[in-house]
Amino acid sequence: MRTTRALVLGGGGLAGIAWHAGVLAGLADGGLDVTDADLLVGTSAGATVAAQVAGGLTPEECFARQVDPGRQNHELRPTVTVAELWEAMVRIMEEHADDVERRRRIGAMALAADTVPESVRRAVVGDRLPTDEWPEQPMVTVAVDAATGARQVFDRGSGVSLVDAVAASSAVPGIWPPATIGGARFVDGGICSLTNADLVVGYQRVLVLAPMVDPELAHQVAAVERSGRAVVVAPEDDALAAFGADPLDPAVRAPSAQAGRRQGLDAVATVAEVWLG
């Protein structure tokens, strides 16, 4: 029976996009290209990278887009700091015990926020991607319905444009506008889980790249490992230092990608033992 492999790319802002690109390039430097996975799952930052590699960009090309000023796409600078956003989200989480209600409240905050126009944000997301067509390689992005708090998974069969699916998955609440799809508004899938690794339960070999701590990840990985094997790569100290205080600051891209590349090369043996074992 053929071995099935899944690559899970988690949320982490612009730092996360860059770190993902660096890790994938570092793994490729060591002879391990994991981008031909049977399924790519992208949440927030990971949705951008999943669309890039499934759309035909090599790890080296993804890396170059983060470190070469001539190839970096234009990114907006948020007017709200991550610290301010986190303070608001912690307050909501403390006030509401139910997970769906927490997500609904965060969605309400996002709907009420004063942000750049949705069309402006969508153009930025579209500029990150090599194509606006869904790739043949299976991939999904994850978002959350701002009104109901329900998780929404988008794929090639969803009847949704790829740009809209990625924009929805990376619509950081309170910073970027919710994405409008079919009359509904969607926010960042990271408010459900920063990795959503439960979507790959049943796959035999799983690699999770997790730029930020995900409280849901441990039990998701445990579920994966009931029928397969999984390895998680998270930022080490030099990568965390490269991320800085604001992972949405465009200036963090090059140092985050470079730190990720070093880490990816160092992780080749560990990842290969699961991916190829």
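Reply: A salt bridge here is a side-chain nitrogen of Lys or Arg within 4 Å of a carboxyl oxygen of Asp or Glu. This is a predicted model, so local features need pLDDT of at least 70 and side-chain atom pairs count only at pLDDT 80 or more, while totals for chains, interfaces and linings use all residues. Residues are numbered from 1 along each chain as its sequence is written, and side-chain values use heavy atoms, with hydrogens and water left out.

The structure has 14 salt bridges in total. Let's start with D38 and R2, whose side chains pair up with N and O 2.6 Å apart. These two come from distant parts of the chain, 36 residues apart: D38 is in the loop between α1 (13-29) and β2 (39-43), and R2 is in the segment before β1 (5-9). (Helices, H or I of at least four residues, and strands, E of at least two, are DSSP runs numbered from the N terminus.) How open are the partners? D38 counts as partly exposed because its relative accessibility is 22%, whereas R2, at 56%, counts as exposed. The cut-offs are under 20% relative accessible area for buried, over 50% for exposed and partly exposed in between, using a 1.4 Å probe and protein chains only.

Next up is R261, which bridges to D29 with the closest N and O atoms 2.7 Å apart. R261 sits in helix α10 (residues 253-266) and D29 in helix α1, so this pair ties together parts that lie 232 residues apart in sequence. R261 counts as buried, because its relative accessibility is 17%.

R104 forms a salt bridge with E101, and their closest N and O atoms are 3.0 Å apart. Both residues belong to helix α5 (residues 99-112), where they are three residues apart, or about one turn of the helix. On accessibility, R104 at 32% counts as partly exposed, and so does E101 at 22%.

Back to D29 and R261 for one last point: together with E60 they make up one network, joined by salt bridges that share partners.
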